[in-house]
Amino acid sequence: MSRIKSVLLALSCFAVSAVAVAQTPVQTSGTLVIVPAFGEVKMANDEATLTLMIEEQDKDKAAAASRVNQKMKQGMEIVRKEDPKAVLTTRGYYTYAVYPEEQPRVATNKVRQPTGWRVGQYLEVKTSNLAGLPKLVAATQRTLAVNGLQFGLSDTTAKKMDAQRIDATYNNLTERIASIARAMGRNPADAVLDTVDFEGSGNYAQEAAAPKMMRASMAADNSAVEEPSFEPGETTLTMRVVGKVKFR
């Protein structure tokens, strides 16, 4: 009987010891914790980049080039009249030969001769006058063709948003550190921020796709064009940060 009591006593001591071990908090002093965080801000777009173009085709290369030059000049005058503050940039002037359709190949050394020439040029218009953009586009479409339109943020707005994005990201980092500290049974005040690594992952200046060449000749059209409708939308800037935290 005394032997049974001894066994029971030993088991009881073992159980108490196990509970005590289980209830012993994990030591976290000096622990290094890697904390990722994320920030995001949104802003309505306040700038538009309009790409206009003109292309002409003629048997006479000089005639095609002259029409392009004349229409581009007219188009630029229209833009300046409609939006005096717009920033204009000409680019992509091209000239290339047009050959007849391929015939079944025959062994010959004869050099192919072009049947005409295609000449064109692009005009990039950057404006913050979004309210007047539909009228501007309609006016220029009587002379030039629209090749592309993109909305984005002006430099001033982008800089302001960048500061807001950093604030939002850092606030998210401190909130997550506090949550982790409480989960570890520690006071957030015991957390010491050792390293902050801002990884600039907010790709808000997205590259525009290369404009496609218009393959059809664009003759002058003086008929009125109805104003198009646009929705500028908004831009979202994001940022990721990684912090290294030590607990005292």
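Student: Is Phe 198 buried, partly exposed or exposed, and what is its relative accessible area?

Tutor: This is a predicted model. A residue counts as buried under 20% relative accessible area and as exposed over 50%, with partly exposed in between. Phe 198 has a relative accessible area of 35%, so the residue is partly exposed. Phe 198 lies in strand S6.

Student: Which residues form a nonpolar patch on the surface?

Tutor: Membership of a patch requires over 30% relative accessible area and no salt bridge, and nonpolar side chains are joined within 5 Å. Here the nonpolar patch consists of Ile 166, Tyr 170, Leu 193, Val 196 and Phe 198, and together these residues have about 360 Å² of accessible area. Two or more residues come from each of H4 and S6. The most is given by S6, with 3 residues.

Student: What is the strand order in the sheet of 3 strands, and how are the strands paired?

Tutor: Strand order is read across the sheet, from neighbour to neighbour. In this open sheet the order is S1-S7-S6, and the pairing is antiparallel. Strands S1 (32-44) and S6 (191-199) are at the edges; each has a single partner strand, so one side of each has no neighbour in the sheet. From one strand to the next, the twist averages 25°.

Student: How many bridges join S6 to S7?

Tutor: Between S6 and strand S7 (residues 234-247) there are 8 bridges, and the two strands run antiparallel.

Student: Which strands does helix H4 lie across?

Tutor: Helix H4 (residues 155-183) lies across S1, S6 and S7, and the helix runs at about 145° to S1.

Student: How many bridges join S2 to S4?

Tutor: Strand S2 (residues 47-58) and strand S4 (residues 116-127) run antiparallel and are joined by 11 bridges. Among the pairs, Thr 49 has Lys 126 in S4 as its bridge partner.

Technical notes
Residues are numbered from 1 along each chain as its sequence is written. This is a predicted model: local features need pLDDT of at least 70, side-chain atom pairs count only at pLDDT 80 or more; totals for chains, interfaces and linings use all residues. Side-chain values use heavy atoms; hydrogens and water are left out. Two strands pair if DSSP finds at least two bridges between them. Helices (H or I, at least four residues) and strands (E, at least two) are DSSP runs, numbered from the N terminus. Axes are lines fitted to C-alpha atoms, for helices over the stretch in contact, and angles run from 0 to 180 degrees between N-to-C directions. Contact means heavy atoms within 4.5 Å. Patches are made of residues with over 30% relative accessible area and no salt bridge: like charges are joined within 9 Å, nonpolar side chains (Val, Leu, Ile, Met, Phe, Trp, Tyr) within 5 Å. Accessible areas come from the Shrake-Rupley method with a 1.4 Å probe; for residues, only the protein chains shown count as cover. A salt bridge is a side-chain nitrogen of Lys or Arg within 4 Å of a carboxyl oxygen of Asp or Glu. Buried means under 20% relative accessible area, exposed over 50%, partly exposed in between (1.4 Å probe, protein chains only).
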